[in-house]
Amino acid sequence: MTTSSDLDPLNGIPVDSSSSKQKAESAPIPQWFDASPYTHQVAADIVRYGPIARTTLAQILKLSQGALSRITGDLLHLGVIEELPDARLAQDAGRLPFGFSQKQSESSEKRGRPLTALRINKDERSFIGINVRGNSALAVAVNALCEPLGEPHTLAFTYQSPEELAVSLAKVVAECVKDAKRAALPEPSLLGLSLGGHIVDNATVTAAPFLHWNGNANLAELLTQRCGIPTLVFNDLESALRHECWFGVGVGVSRFALITIGAGIGYSIAQDGEPLSGSETSYGTATHIIVDPEGPRCYQGHIGCADSLTNDSIAEQYSEMMSKTCSFEDFVTDARKGLRQATQLLNRTCFRLGVLIATIANAAMPQKVLIGGESSFLAEMSMESLRKGVETYRHSQAAPVPIEILDDTWINWGRSAASSAIERYILG
Ligand SMILES: [Zn+2]
């Protein structure tokens with residue numbers, strides 16, 4: 001949309017002209033359309049709940065049928081949404097907010113106008129999502145419903161300065177642009193990049209320990225310049241949470257928590273489709289919550305905090321049990337084989353994770369707790385211990401905590417970065 005004509009998004013070759021740089025720096029983040037906040041909200045809800053009947057949408061948004069029809073009329077005119085001839089395409093009621101059902105509105109709609117459902121015009125726009133973790137990156141092109149337009153593209157790198165990383169990433173971005181073209185979609189409107197770090201103004205990385213950068217880096221500006229596509233940078237956990245709010249299992253859930261386990265411990269919470277935790281997310285606020293008074297000591301001196309759920313700590317605990325140096329992978333292999341010590345540590349780890357879930361559920365009262373992160377598969381290996389951990393710290397009369405273990409594939413982290421870009425593109 002605002003792609004400078006003097007930048008080549010296909011090969012990412014930088015254009016050495018100060019005027020184009022100035023354009024990139026001052027370019028506002030493009031939006032799909034410019035309209036009232038209500039219109040943006042209606043479009044966002046059609047993304048989340050579509051295909052959806054007008055009557056249901058009006059109920060969710062507490063708008064009169066007349067007001068909603070005027071707004072959806074504008075969105076149809078703008079080409080942002082499309083009308084499907086058959087509301088049977090509507091998704092099941094599970095994806096709607098609590099208390100709403102497509103079936104009721106379908107029958108009431110039947111009495112008046114013909115049965116139709118609204119959906120976002122998903123192939124009218126394309127986006128790119130990039131996730132950077134460790135010394136590698138994954139990029140994927142998606143449509144406006146965050147559905148991949150091709151296979152993801154990965155990149156491995158050794159230490160790179162922010163400028164060098166932007167040059168490397170331009171190559172995978174160019175591949176994504178080709179994917180969008182092959183799928184007959186327009187050039188990507190916006191690029192979202194996510195990483196495990198602290199980011200200011202969706203642009204500047206102020207802390208990302210794994211990249212070993214000195215000082216702040218405006219990665220959004222560097223990528224915008226290199227790739228010719230407006231870019232926003234997000235914290236990866238925040239993006240994952242947003243993805244669940246818009247396209248995943250958090251759609252229609254008023255409050256849910258996401259806990260990630262792996263190299264670190266992540267915790268974030270969403271309320272009414274919005275992450276609540278803000279910039280705090282990047283600091284790993286759940287890392288030192290006590291989960292086992294007899295657990296191992298962490299690097300900060302706590303005994304039995306949630307740091308004991310990290311891969312490094314598990315490797316250390318397992319090495320101690322086995323009286324030899326073992327890696328996290330050794331532990332997983334042995335646990336899968338059912339070796340006694342590995343099973344013991346697995347059960348203990350899942351019990352501790354259950355305690356963490358209970359602590360968070362007791363304090364934040366979410367309707368659902370999602371478990372993600374690269375080691376989330378451990379939870380599935382010992383659900384019984386996890387449930388015991390939850391029950392031990394949960395009041396017997398309190399409602400059970402629905403727990404969902406996410407499919408932690410890398411492409412989903414790439415899609416998450418794109419989700420955040422889509423959200424900004426639609427909501428502004
Ligand atoms: Zn600690």
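Which residue in S15 is the bridge partner of Ile 371? In S15, that partner is Ile 405. Keep in mind that this is a predicted model, where local features need pLDDT of at least 70, side-chain atom pairs count only at pLDDT 80 or more, and totals for chains, interfaces and linings use all residues. Residues are numbered from 1 along each chain as its sequence is written, and side-chain values use heavy atoms, with hydrogens and water left out.

**The sheet**

Strands here are DSSP runs of E with at least two residues, helices are runs of H or I with at least four, and both are numbered from the N terminus. Two strands pair if DSSP finds at least two bridges between them. S14 also pairs with S11, again in the parallel sense, over five bridges.

| Residue | Bridge partner |
|---|---|
| Ala 257 | Val 369, in S14 |
| Leu 370 | Glu 404, in S15 |
| Ile 371 | Ile 405, in S15 |

Zooming out, the open sheet has five strands in the order S13-S12-S11-S14-S15, with mixed pairing. S13 (274-275) and S15 (403-405) are the edge strands, each with a single partner strand, so one side of each has no neighbour in the sheet.

Two helices pack on this sheet. H8 (residues 236-246) touches S11 (255-261), S12 (265-271), S13 and S14, where contact means heavy atoms within 4.5 Å. H11 (residues 340-364) touches S11, S12, S14 and S15.

What about S14 itself? Five of the five residues of S14 are buried, so the strand is largely enclosed by the rest of the structure. Buried means under 20% relative accessible area, exposed over 50%, and partly exposed in between (1.4 Å probe, protein chains only). Lys 368, Leu 370 and Gly 372 lie on one side, with Val 369 and Ile 371 on the other.

**The zinc site**

The zinc ion is held by His 288 (ND1), Cys 298 (SG), His 302 (ND1) and Cys 305 (SG), at 2.0 to 2.3 Å. Donors are N, O and S atoms within 2.8 Å of the metal (3.2 Å for Na, K and Ca); water is not among the atoms, so sites may look incomplete. In sequence, the donor residues are spaced H-x9-C-x3-H-x2-C. Cys 298 is buried, at 8% relative accessible area, whereas His 302 is partly exposed, at 25%.

**The whole protein**

The protein has 14 helices and 15 strands. Of its 428 residues, 55% count as buried.

Notes: Axes are lines fitted to C-alpha atoms, for helices over the stretch in contact, and angles run from 0 to 180 degrees between N-to-C directions.
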